[in-house]
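Hi there,

Here is the structure I promised to pass on to you. Have a look at it first, and then read my notes below.

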Amino acid sequence: MLSNHLQNGIETARLVWSRLPNSDDEALDEVGLSKKSDGSRSESLDYEVIENNAYREEQAQRGKLMVGYYVGVKWFFALLIGIGTGLAAVFINISVENFAGWKFQLTFSIIQKSYVAGFLVYILFNLLLVFSSVYIVTQFAPAAAGSGIPEIKGYLNGVDTHGILLFRTLIGKIFGSIGSVGGGLALGKEGPLVHTGACIASLLGQGGSTKYHLSSRWLQVFKTDRDRRDLVTCGCAAGVAAAFRAPVGGVLFALEEVTSWWRSQLMWRVFFTSAVVAVVVRTAMGWCKSGKCGHFGSGGFIIWDISDGQEDYSFEELLPMAIIGVIGGLLGALFNQLTLYITYWRRNYLHKKGSRVKMIEVCLVSLITSVISFGLPLLRKCSPCPEVELNSSIECPRPPGMYGNYVNFYCGKDKEYNDLATIFFNTQDDAIRNLFSAKTIHEYSAQSLLTFLVMFYSLAVVTFGTAVPAGQFVPGIMIGSTYGRLVGMFVVNFYKKLNIEEGTYALLGAASFLGGSMRMTVSLCVIMVEITNNLKLLPLIMLVLLISKAVGDAFNEGLYEEQARLRGIPLLESRPKYQMRKMTAKEACGNKKVVYFPRVVKVADVVSILQSNEHNGFPVIDHTRNGESLVIGLMLRSHLLVLLQSKVDFQHSPLPSDPRGGGKPISKGISIDDIHLSSDDLEMYIDLAPFLNPSPYVVPEDMSLSKVYNLFRQLGLRHILVVPRASRVIGLITRKDLLIEDNENSETVELQSTSVRSL
């Protein structure tokens, strides 16, 4: 009877959720979206300013008050993004820590009587959390699977993947992360927090939602993809700042890893957003220290504080530290390659069998992870507690799930501890804190560390790519700190020096693996310093990051670039391919026929062309009195659809009309199939001149493709027109022509350009 009520409740919740719109504007599948092999869709974004008549009229009417309001709203949104992302991070952390705390507390209380019963409770608890995560993702928010960083990187590169920034994706990301991380899988919550921050920023950029009755007209000032791109950049930085409590690292992560365009004005807002996140997180943690947040709140603002670790290092230690960098590059490149192969197999074979297979797969991975994390420590003999000083803060043993080292698990005596359980049967944050800890020489045996390294590395490879929100930062730190501590043990035994700390080498190992896998340098270096509170190790972290990145680059690309390519996201990297130097713009165009419109076009012709192809931009041609064809601009598909839907600018005459403003809101949810026109409408005409982009970027046909690539990427373009070599020059602009003083009247400034007069 109870199961029937529970099943009815689940079905009701699912029905209610399914009736929610898929996006805030209930966007339908748009013509022009490129479908990929996995069924998802992507579309290029319009980051270029369309300087048509409507834009010029709007700029002319905008006074200083409106400009001030526009700038003020941007800063206000940066504040809201920081507050929202900080609160989301606090909620996720509190939930994960409490679920994990309850799990270990319950398990430990049961294993005092029966290890078999504790084992079953541990498995069921993990399975329940993981199943809730995969159910949310597969049934309600498919775009919430994975870390989301490759998709966000694609968005900031100019490619919008369908569904990645929706409201349901945000909800699925938050609650899915709680289930997957709290369920003990070999993944982290840091990558999903970057996606969460981007979703919050995108939703704010839309000015709310009319479907949810949360919209506000005074917030709907960002109508372009260019402005929303800046907000999403702030959201990415806020996500990293909230995940690692590293505000400066968040700014550098957005600059180095995810963005393709950067401006000094954007730097200010991103820095402000990260600072707001730091304030929100610190305030919440201070509130939690009073015991109001359950198991959360025992740690400080620095996640893994090793400020009391190794004070200095000698020249002889640089060699083993360099070896750590090489190991990190090799293992990181291997991790990227293995996850690429497994993810490719999943997407093309396993996941095509439906959502049920995805849920079964994740539950099996959870079962295997629980068996390994609980069972392997049972096979390990316990070690006697070391002798500690009276004033030492080290306590041996400690119960599992509690903060600290020396976990007593399946030990016959009270003063013994299980070194494998200290890192396996624990939360990932506590395990890393144990590996980084100072003054704990010989706490772990080489056999235990090697066992953990092999098993956790394998689990991380298998878990990455499953249908749950998954980050790779914390698993990477776990893997790297394990082999780093192994190297540290050999260094301690070889050099016989008292000032060498194994925890220092664990930190360097963590940095090396992340550098070898993700190929980040500057931002990762700052993040590692911020989360460990040890500035003295900065030169060493820089050394291992440079080595690991160089070694990893010799084998393959970074993790996010490989995953973006696998997902079919057409990222434009920072440098063009070498063969592009030998190609011209004309050769890149191929023999494809250019589809264009005349200035005054028949409505029936517009409908026919839009139905027959999926192009998103069309050149507009006009004829001079001499009969020569002249390119007067570029017309976007979205603008044409709005003109067809409104019908306001239809005319009976096939002659050009007077220039006028065309200020109509552009909606991306319109499809040509949604527009219904009568036979009389189809016989009318549209003058495209007021609505087109009169100044698109144009390159000569013999320009090298590498120069076209750099122009396209650096300006964030969607289209470039290729034209024959120009026959005439009307002027030449130099640097001094662009240096116009603010106190000068722009209408009376005489440009100092070199004019070319016909002889």
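**A glycine to start with**

With a relative accessibility of 0%, G154 counts as buried; the word buried means under 20% relative accessible area, exposed means over 50%, and partly exposed is in between (1.4 Å probe, protein chains only). Before going further, please keep in mind that this is a predicted model, in which local features need pLDDT of at least 70 and side-chain atom pairs count only at pLDDT 80 or more, while totals for chains, interfaces and linings use all residues. Residues are numbered from 1 along each chain as its sequence is written, and side-chain values use heavy atoms, with hydrogens and water left out.

Back to the glycine. You will find G154 in helix α5 (residues 149-157); helices (H or I, at least four residues) and strands (E, at least two) are DSSP runs, numbered from the N terminus. Leaving aside residues up to four places away in sequence, G154 touches V159, I569 and L571, where contact means heavy atoms within 4.5 Å. G154 and E561 are 407 residues apart along the chain, and their C-alpha atoms are separated by 9.6 Å.

**The whole chain**

The protein chain has 25 helices and 15 strands. Of its 759 residues, 52% count as buried. Among contacts in the chain with a separation of 6 or more, 77% are accounted for by residues 24 or more positions apart.

**Cysteines**

How many disulfides does a search of the whole structure find? It finds one, taking a disulfide as a pair of cysteine sulfur atoms within 2.5 Å. The disulfide joins C382 to C411, with an S to S distance of 2.0 Å. This pair links distant parts of the chain, 29 residues apart: C382 lies in the loop between α12 (355-378) and β4 (383-384), and C411 in the loop between β4 and β5 (416-417). The torsion about the S-S bond of C382 and C411 is about -85°, so the disulfide is left-handed. Both C382 and C411 are buried.

C199, on the other hand, is in no disulfide, and the nearest cysteine sulfur, that of C236, is 9.6 Å away. C199 counts as buried because its relative accessibility is 0%.

**Two helix pairs that share α16**

Angles under 35 degrees count as roughly parallel, over 145 as roughly antiparallel, 65 to 115 as roughly perpendicular and the rest as oblique. The crossing of α11 and α16 is right-handed; a crossing has this name if the near helix is turned clockwise from the far one by less than a right angle, and is left-handed if anticlockwise. On the α11 side the contact is made by P320, I324, I327, G328 and L331, and on the α16 side by Y483, G484, V487, V491 and Y495.

The other pair is α14 (residues 428-436) with α16, packed at an angle of about 25° with axes 10 Å apart. That makes α14 roughly parallel to α16, and their crossing is left-handed. Among the residues making this contact are A431, I432 and L435 of α14 and V474, I477 and M478 of α16.

**Two backbone details**

Which residue in the loop between α17 (502-518) and α18 (522-532) deserves a look? It is R519, which has a positive phi of about 65° although it is not a glycine. R519 is buried, with a relative accessible area of 7%.

K647 also has a positive phi of about 65° without being a glycine. Look for K647 in the loop between α23 (637-646) and β10 (650-651). K647 counts as partly exposed because its relative accessibility is 34%.

Happy exploring, and write back with any questions!

Notes: Axes are lines fitted to C-alpha atoms, for helices over the stretch in contact, and angles run from 0 to 180 degrees between N-to-C directions.
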